[in-house]
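I opened this notebook to record what I looked up on cores and strand pairing. The entries follow the order of my checks.

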Amino acid sequence: MEIEHYMQIAFSLARGAAGQTSPNPPVGSVIVNQGRVVGMGAHLRAGERHAERVALDMAGKESAGADLYVTLEPCSHTGKTPPCAEAILQAGISRVYVSALDPNPLVAGSGIQRLRDSGVEVQIGVCTDLARELYEPFFHFIQTKQPHVTLKTAMTLDGKIAAFSGHSKWVTSEQARLDVHRLRYVHDAILTGSKTILHDNPLLTTRLPQGGLHPIRVILDTHLSTPVASQVIQNTDAPTWIFCGSAASKERELSFLPYNHVEVFRMEKPAIAVSDVLDQLGARGIMTLLVEGGSSVNASFLQGDAVDRIITYIAPRVLGGTDSLTPIGGENPALMSDAKDFIFVKTEQLGPDLKVTAVPKGCDSNVHRNH
């Protein structure tokens with residue numbers, strides 16, 4: 001259908017801006033007049049023009065009597081930019097095709113209603129499968145006030161992430177590692193634990209051939225054991241946020257003061273609770289979080305029902321060893337019925353490796369955590 005064709009173009013525009021619009025969602029828009037595309041646009045960055053306005057500016061006078069396709073409901077309120085619904089009306093658009101309603105309470109159907117009240121024909125629900133895939137993190141963030149969490153692991157065919165010595169370079173191929181950097185690019189923040197910092201001294205930045213945005217680096221460090229000499233402290237390419245327990249050394253905290261890109265968040269309790277960290281990240285506008293932790297951190301997110309998606313890279317290698325490390329640690333379950341069930345939603349081959357994406361079983365909506 002022509003309607004779906006033009007909406008798919010709008011989604012391709014939106015996906016092109018994924019990872020750089022937070023805390024706003026990526027949105028694409030296309031304007032068609034008598035079978036010709038006369039305007040296209042994407043929302044590129046929070047605070048800048050929305051996709052509809054970019055497309056309207058490109059179309060100019062040819063917007064009059066045209067059809068507008070947009071991946072998410074046009075806004076009807078004044079924020080950092082004027083309302084898009086008013087711009088659509090002023091341009092003389094005849095029909096508007098919308099893929100998904102905006103759950104933001106500031107919009108939530110009011111944009112559609114404003115258009116319909118002014119005589120514009122509006123059709124909702126075009127390419128809803130594409131909307132569900134693209135906007136799951138945004139819907140989750142709006143409804144829970146916490147970031148959408150992706151847990152990423154890389155392991156051998158027999159489920160090992162490292163030898164008993166901790167040696168792990170490299171489990172997967174170069175193609176899989178490149179894909180991880182693409183994942184980092186589309187996430188607002190990347191989280192790991194202090195043990196990973198101490199053992200691997202990672203940069204936790206995005207390293208793509210064409211460059212790319214760096215996620216905020218989040219470190220769970222109960223006792224503030226992160227060395228000042230570590231790369232996440234010395235490297236200034238991205239902010240580093242360290243969450244520590246209430247009993248952590250005040251002297252250690254002061255040692256980070258000279259580093260302007262480093263911020264320490266002291267929790268109210270001696271132990272760090274995942275839910276408290278997610279609350280604080282959400283309050284600071286972090287919409288998407290990529291967890292690249294060791295087995296303890298990964299287990300804490302799973303046990304806290306704080307995982308919205310798991311992405312696992314599986315290498316066709318067998319390591320063996322009863323003391324080799326596995327992706328998930330934590331308590332030892334006594335029964336198989338204690339397992340947390342997931343559903344495979346996508347499988348891809350990256351060079352010699354497999355990339356498997358799974359979501360928690362029983363997700364009847366985009367939001368599945370118990371809040």
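I began with β3, which is mostly covered, six of its six residues being buried. I took buried as under 20% relative accessible area, exposed as over 50% and partly exposed as in between, with a 1.4 Å probe and protein chains only. Helices (H or I, at least four residues) and strands (E, at least two) are DSSP runs, numbered from the N terminus.

I noted that the model is predicted, that local features need pLDDT of at least 70 and side-chain atom pairs pLDDT 80 or more, while totals for chains, interfaces and linings use all residues. Residues are numbered from 1 along each chain as its sequence is written, and side-chain values use heavy atoms, without hydrogens and water.

I then looked up the pairing of β3; two strands pair if DSSP finds at least two bridges between them. β1 and β3 run antiparallel and are joined by four bridges; Ser 29 stands opposite Val 70 in β3. β3 and β4 run parallel, with five bridges; Asp 67 has Arg 95 in β4 as its bridge partner.

Next I turned to the nonpolar cores, sets of buried Ala, Val, Leu, Ile, Met, Phe, Trp, Tyr and Cys residues joined through side-chain atoms within 4.5 Å. The largest has 43 residues, of which Ile 31 and Val 96 touch the most other members. Its largest share, eight residues, comes from α5. A second, separate core of 25 residues includes Phe 265, Val 291, Phe 301 and Leu 302.

Last, I listed contacts (heavy atoms within 4.5 Å). Beyond its neighbours within four places in sequence, Val 96 has contacts including Leu 68, Val 70, Ile 88 and Leu 115.
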